Amino acid sequence: MKLKKTLAAIAAGALCVTMGAAVLAGCGGKGTDYTFQAEDAELYTGLQVQKGNEWSANNDGAEVTVVSYFANPGQTITWKVNAASDCKVTLKLRASSCLFGAKNADGEIVDIGSLGGNYEGAKGYISELKAADCGSVLKVNDAEVTMKGTLPSTTIELEEGNPWAIMGVYSVIHCGEYTATTNLKQGENTIVLEVVTGGFNVDSLTVNSSAEITFNKTDNSDRLPQQ
């Protein structure tokens with residue numbers, strides 16, 4: 001099986017977001033960060049919420065909750081936010097790539113299954129995912145906005161047993177960010193992330209704005225895996 005097909009088949013949803021203050025043209029200077037978690041947004045039927053620790057070489061990353069299995073065309077994550085006034089804003093979507101395979105002993109990217117269980121000299125590999133190639137669109141009040149940025153790649157030690165499970169866990173929590181600029185109107189605004197051909201794992205959306213932004217949470221506690 002070609003790697004591209006393998007990556008698409010294994011895609012497990014998700015997104016992670018933080019945001020620094022920025023100078024906003026036409027909004028009176030430095031804005032305030034308002035961060036809204038993906039698990040508190042309106043989620044398309046079938047999307048799941050997953051908890052884990054962010055990837056760290058020392059295995060000491062902070063706990064994070066993401067919306068996973070965000071990979072099938074038509075799936076959406078919807079944040080409905082209210083702005084105190086019209087304003088230009090910066091959006092930052094925090095997420096992780098869900099494209100993974102392996103690198104063999106020669107450093108070539110291959111399908112994990114092609115290693116035949118022999119992981120000597122090989123590593124699991126999470127592919128970087130550029131915004132232009134991410135397979136999803138971000139819309140604000142039905143108008144598409146351009147996302148920029150790259151979700152990072154990384155390599156992970158493989159172990160005997162089930163490497164797919166190992167890669168699945170790490171791909172959910174190795175986060176980066178996409179950014180976009182847009183305008184919000186006074187009152188309610190709808191921000192929708194939608195899968196077109198592919199997706200990723202989503203942690204949060206941060207809005208940097210000089211106008212106060214509020215958000216009504218959705219209770220998605222039933223989307224968490226049962227212990």
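These legends accompany close-up views of a predicted protein model.

**View 1. The whole protein, for orientation.**

**View 2. An open sheet with 4 strands.** Reading across this sheet, you meet the strands in the order β10-β9-β11-β16, and the pairing is antiparallel. Strands β10 (109-110) and β16 sit at the edges, each pairing on one side only. As a reminder, strands of a sheet pair through backbone hydrogen bonds, either parallel or antiparallel.

**View 3. Where β9 meets β11.** Here we look at strand β9, residues 100-103, beside strand β11, residues 123-126. The two are antiparallel, with 4 bridges between them. Which residue of β11 is the bridge partner of Gly 101? That partner is Tyr 125.

**View 4. Where β11 meets β16.** Moving on, β11 also pairs with strand β16, which covers residues 154-157. This pairing is antiparallel and again has 4 bridges. A handy place to look is Gly 124, which stands opposite Ile 156 of β16. Strand β16 is an edge strand of the sheet, while β11 has β9 and β16 as its neighbours in the strand order.

How values were computed: Residues numbered from 1 in each chain as written. Predicted model: local features only at pLDDT ≥ 70, side-chain atom pairs only at ≥ 80, totals over all residues. Heavy atoms only, no water. Pairing = 2+ DSSP bridges.
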